[in-house]
Amino acid sequence: MQHTLKSYTTDYGEVAAQYKKPIQYWPRPFIDADVDWKELEAIEWDSNYYETQELPEVILGKKLFFDPKLSSSSQISCSNCHNPELGWSDGQEVALGNDHLLGKRNTQSLYNIADRTSYFWDGRAKTLEEQVAGPISAHNEMNMKPEKLAGKLSKYKEYRQLFKEVYHTDKITFNQIVNALATFQRTIRSQPSKLDKFIKGDYKAMSDKEIYGMHLFRTKARCMNCHYGKYLTDESFHNIGLTYYQREYEDLGLYHITNNPNDVGKFKTPSLRDLNYTAPWMHNGLMGDLYGVVNLYNSGMQMINPTPEEKKADPKFPVTDQRMKALQLNNQEIDAIVAFLKSMSGSYYKMPRPEIPRQ
């Protein structure tokens, strides 16, 4: 079925009225025929959150998460890059780790990490436990030899007691450390935003301008081809034109994992929840302004694609995803979309840091 784009009115209220009703009656989004999309879905308050934080395995995982002793220098904890006051990210373009070594990619937020299907920008980890183990041993992150970490923590009486309470053994292992960290991280969840309240029937939760931005997000801006469902991500990989092939900032993304030339420049679609707290954005952290991000998509990013001859001569030459199209959004429309993107951030919670075992 072909969609036709109406001339968008400057009267936000006219469009907003179409959405102030149960979601099943909303206008259908503009979705390409091959996309197995899901409708937007509200998240709920985690009513058991505070009880969960008192579980022994979560208490242990939280202490480990904030403890710099997990690094070889005893100076870097998981929270250096995943700071609860910075949206469980670090506010930097790329991560800064051991010996002040810079990573190559932007630190991803841990919000809702329990519901991911793969991890890292290139999807190289398939389980949360695998994702947790990677930074501990990475030389430019925590630089800790996994085989030595259990022995290091065993020197602390409080850790010996905590591990025994959780795992019922006197022996601390690296797998136990990883499992405890993963258990804690699964408790890190977004809190409901204005969007969630609106979906659930509080039609005053969002302004007409934000609702108009949501309408554009769903239709003319084509965002829901990749950002849909409860967490606004398709959990897939796309090349949106930011590969910087054979230039500064080059990163071939998923190709490094699959060695498939068709995967050059593909990165995982991030969740859009809590964007207010997780800047800068994109896999390389080069975008610190949501207007700039929307303008990138507005351009279509198709200007650097190879000709058939260039692709044949260099199979790795990246091809921008065909879902990327020039959108012809005007300034008012871009402004409304940015307002909607900001409405997806829930209330801000600063997790208190736990006491770290000292002896």
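**Briefing: helix packing, cores and cysteines**

Helices α3 and α7 cross in a left-handed way. Keep in mind that this is a predicted model. Below is a quick tour of that helix pair, then the nonpolar cores, then the cysteines.

**The α3/α7 pair**
- The axes of α3 (residues 56-65) and α7 (residues 157-167) come within 9 Å, crossing at roughly 145°.
- On the α3 side, P56, E57, I59, L60, K63 and L64 make the contact.
- α7 answers with E158, Y159, L162, F163, E165, V166 and Y167.
- Sorted by class, that's 9 nonpolar and 4 charged residues, with no polar ones.

**Nonpolar cores**
- The largest nonpolar core holds 46 residues, and W26, L40, M214, F217 and L341 have the most contacts inside it.
- Elements giving two or more residues to this core are α1 (12-16), α9 (194-199), α10 (208-218), α12 (290-299) and α14 (331-342).
- The top contributor is α14, with 6 residues.
- Leaving out residues up to four places away in sequence, F217 touches R222, C223, M224, H227, L232, L272, F340 and L341.
- There's also a second, separate core of 40 residues, with Y49, W88, V132 and A150 among them.

**Cysteines**
- Searching the whole structure turns up 0 disulfides.
- C81 counts as buried because its relative accessibility is 14%, and the limit for buried is under 20%.
- C223 is in no disulfide either, with the nearest cysteine sulfur, that of C226, 9.1 Å away.

How values were computed
Residues numbered from 1 in each chain as written. Predicted model: local features only at pLDDT ≥ 70, side-chain atom pairs only at ≥ 80, totals over all residues. Heavy atoms only, no water. Axes fitted to C-alpha atoms, helices over the stretch in contact; angles between N-to-C directions. Helix = DSSP H or I, 4+ residues; strand = E, 2+ residues; numbered from the N terminus. Left-handed = near helix turned anticlockwise from the far one by under 90°. Contact = heavy atoms within 4.5 Å. Nonpolar A, V, L, I, M, F, W, Y, C, P; charged D, E, K, R; others polar. Disulfide = S-S within 2.5 Å. Buried < 20%, exposed > 50% of the residue type's maximum accessible area, 1.4 Å probe, protein only. Core = buried A, V, L, I, M, F, W, Y, C linked by side-chain atoms within 4.5 Å.
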